[in-house]
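Dear colleague,

Please find the structure we spoke about just below, with my notes following it. I would be glad if you could read the notes with the model open beside them.

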Amino acid sequence: MTWNISFSLVTGVLLCILLGYYVAYPRLPVVSNRLFILLALSEMCTLASDIIATLMDMNHQSFPVWVLFLVNLIYFLFFTLRSFVLYVYTVTLASQHTRLQRGYYYVGFAFGVLFALLSISSLFTGFIFTIDKEGYHSGPGYAVINAQLFVFLILGLWMIVRFWKSLPGTLLSGILLVYAILISGGIFRTLLPDYLLMDTFFMMSIVILYITIHNADLYRESRTMSFDYQAFELVVRDHHNYGVWYQLIGIMTNNYEEARQIYGGVQIDVVLNRIGRYLREQFRGATVFYERSGCFLIMIEERQTAEKAVSMILPEVIRRFREPWDGGSGSRVFLNAVFSQMNSDLEIPSVDLEIEVVRRLLGKGGNGELDHDFVVDRTLVDEVIREFEIKKALSYALQKNDLQIFMQPIIDARTGKVVGAEVLSRLIDPKLGLIPPVEFIPLAERSGSIIEIGEQVLAKTCRFLVERRSELQGIDFININLSPIQCMDPDLADTFDLVPKTYGVDTKMLHLEITEESMVDPDVLKSRMEVLGKLGYVFSLDDYGSGYANQFRIKTFPFSGIKLDMKIVWAHFREPDSILPNAVSSFLDCGLTVTAEGVETGEMVQQLREMGCTYLQGFYYSKPLPLDEFIEYLKKRAS
C-alpha cells in the first residue's frame, strides 16, 4: 500500500516557520496562548509520526514487526492527543470570560483515555490496526480513529455554544471557522484515506487561530508598542480564573490632557513611545500595558522578581520620570507621574471588581486626583466594591422603573407659604438601603445612565402632578434638576416635549434647574435652552457660588431665577459680609428670583428675607419627603 505524503511535507515546513515566529515574538501570558503552542506542537508531533510511520509502512520489509507496530501506535496516540488538546484549548478559550468548571476537562480526558486504550489494545486484538510480515493493515475498528476526531469536535462545538454569548465577535468567528475546516478535514480523511490531508487542515486551522486570536498585534497599542487595556483585562481574567499571583505597578501621568495641549500631540506620542520602550527594558520578563491618558501598567508574575522590581528597579524609574523626555527635534518634555503598587493578595471577590479597582486607580491618577505615590489597600478596594454594588442597584432600579422621587418644599420668603417643590431622585435598594444622590448620581453621569434617570424623574413628576392635582392647590411650580450630561443630549427637547404632553401637564409649571457645571459648553447649552423655552419651560441657575458662573454669563442665558448654593449661604452666616447681600440685590435688579438653599434656622429665615430672597428651601422647613408625606406636609401647613 502507498500513501501520498507531499501535502504533509509542505505542511510541516510551514508549521515550523509559524511556530518559530510565534514563540520568538512577545505574547500575552495567558493559558490559551500556552495551549495554542501546545496545539501546534501536538500537530507537529502528529505530522512527524504520520510521515515516519507512513514511510516505514511503505518499506515494511526493512523493519522488524515490533518497530512498525510501535511507530504506528505512536502516531495514533499523537492523533488522539492532538484532538484532546484541541478540545482543552476550546474549553479554555470559550470559558476564559467566566469562572472555569474543571468538569469540562474531565469529560474530554475520559474520552481521550478511552481512545488511547483502544489503540494500545491493538497489540493484542488488532482492533485498530495490525502489523505482520506483509506490513500494515487496518483493523475492524479503524473507523474509531475518525470517530474520535468527530467526538472531540462535537464536544468542542458544545462548549462554544455553551459560552458563545460571552465571546468577542472576532474570537467566536475564528473558532467557528476552525471547526468548520476541521470537520471538512475529517470528512476528506474518511473519503480519501490514501492522502495525508488531515495535517493540512489542522495547519490551516492553526493559521486561522493565529490570525484571529493569537496575533499579538491585535492587542498592541500603536504609539507605545505595549499591550493595550483590552489585553490587560484578558490577562487579569485569566489569572483570576487560574489563581495566578501577580504584582502590578502603575505609572500614571498626571494631567495628561493638559500636557498634550502644552506640548502638542506629536511630541507626546513620541515620548509615550520612548517611555514604553524604556519600561520594557527596565522590567524585563514583565508584561507592559498601556491604557489611554498616559497610564502604564507593569505586571510581574513571580514574587521574588516583583520584590526585586519594587526595591531596585522602581526607584530608578521614579528618578527617571523626574527628568525630561526627548520629544523629538531636540525638544524636552516634562511629565509628572504618580506611581502605585497593587498585588493579587488583596483577594478581590470577582474579576470584574478586580478590573474596576485598576480602572479607578488609573482614573484617579490620570485626572490629577492623586499627587503622591501609594500602595493600593483595602480602603480603595472597599470603595470600588461599594460603587460596584451601587451600579448594580441603580441598573436594577432603572430596569424595573423603581427609582423613587422625593419632594422638598420651597417657601415664599414673604408670605411663608409653600409655593413650590424641588424633585429629588432617591435610590432605595433592598440590600444597601437608602443610597444618597451624592453616591449614585456621579456614577450615573459617568456611565451615561443619568439620561434614563432624568426621563424617569420627569415622567414620575408629571404623573404625580396629574394624580394628586386636587391636593396640590397652591403649588405654582416644581423644580427638576438637569445634569451636565443631560444638557448635552441632542434628544433632550424631544423627551421634555413628549412626556408632559402624554400626561397633560403644562410645561410652565416645570422649572428646570441647571447647575453651573452644565455651562461648560455655552453654545450647546444656549441652543438647548432656546428650544426648551419655546416649549414653555422656565429655567433657574442651580448651585450658584459652587462653580464659575458670572453675571455676564448669567445674562447671556434665559434664566428666570437663581438658586444660591447652600455652601455660600452657610459661609455668610459663619462670617457675615456684604458679598451675599450684594449678589442677591444685583440678581433682583436684573429681574431674577432668588432662592436660598440650606436654610436651617429662624435667624437665617429672617436675614435672608431681609436681604430680599424670593424663596427659601432647607431643613428648617422640611427635609426631602416621599410623595405621600409631602402631601401630608402640605395639608398640615394649610391647616
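I begin with the cysteines: Cys590 counts as partly exposed because its relative accessibility is 43%, where buried means under 20% relative accessible area, exposed means over 50%, and partly exposed lies in between (1.4 Å probe, protein chains only). Please keep in mind that this is a predicted model, in which local features need pLDDT of at least 70 and side-chain atom pairs count only at pLDDT 80 or more, while totals for chains, interfaces and linings use all residues. Residues are numbered from 1 along each chain as its sequence is written, and side-chain values use heavy atoms, with hydrogens and water left out.

The sulfur of Cys590 has its closest cysteine sulfur in Cys613, at 15 Å, which is too far for a bond. Cys613, for its part, is in no disulfide, the nearest cysteine sulfur being that of Cys590, 15 Å away, and with 5% relative accessibility Cys613 counts as buried. The structure as a whole holds zero disulfides, a disulfide being taken as a pair of cysteine sulfur atoms within 2.5 Å.

Turning to the overall form, the secondary structure of the protein comes to 24 helices and 19 strands; these are DSSP runs (H or I of at least four residues for helices, E of at least two for strands), numbered from the N terminus. The protein has a radius of gyration of 35 Å, whereas a compact globule of 639 residues would be near 26 Å; the radius is taken over C-alpha atoms, and the globule rule is 2.2 Å times the number of residues to the power 0.38. The C-alpha trace spans about 115 × 65 × 40 Å along its principal axes. Of the 639 residues, 52% count as buried, and among contacts with a separation of 6 or more, 72% are accounted for by residues 24 or more positions apart, contact meaning heavy atoms within 4.5 Å.

Helix H3 (residues 65-94) and helix H4 (residues 103-120) have axes that come within 10 Å and cross at roughly 170°, the axes being lines fitted to C-alpha atoms over the stretch in contact, with angles running from 0 to 180 degrees between N-to-C directions. H3 and H4 are therefore roughly antiparallel to each other, since angles over 145 degrees count as such, while those under 35 count as roughly parallel, 65 to 115 as roughly perpendicular and the rest as oblique. On the H3 side the contact is made by Leu73, Phe76, Leu77, Thr80, Phe84, Tyr87, Val88, Val91 and Thr92, and on the H4 side by Tyr104, Tyr105, Val107, Gly108, Phe109, Gly112, Phe115, Ala116, Ser119 and Ile120. By class, this contact of H3 with H4 has 14 nonpolar, five polar and no charged residues, where Ala, Val, Leu, Ile, Met, Phe, Trp, Tyr, Cys and Pro count as nonpolar, Asp, Glu, Lys and Arg as charged, and the others, Gly among them, as polar.

Most residues other than glycine have a negative phi. Met225, however, has a positive phi near 60°; Met225 is found in the loop between helix H8 (198-214) and helix H9 (229-242) and is partly exposed, at 36% relative accessibility. Asn401 likewise has a positive phi, of about 60°, although it is not a glycine; Asn401 lies in the loop between helix H14 (378-400) and strand S10 (404-412) and counts as partly exposed at 39% relative accessibility.

A few further positions complete these notes. Gln267, in helix H11 (residues 265-282), is partly exposed at 24% relative accessibility and, leaving aside residues up to four places away in sequence, touches Gly327, Ser331 and Val333. Gln267 and Ser331 are 64 residues apart in sequence, with 8.1 Å between their C-alpha atoms. Met252 lies in strand S3 (residues 247-253) and is buried, with a relative accessible area of 0%. Phe557, in the loop between helix H20 (551-556) and strand S16 (561-564), is buried as well, at 5% relative accessible area. Leu380, found in helix H14, counts as buried at 10% relative accessibility, and its C-alpha is 35 Å from that of Arg162, 218 residues away in sequence.
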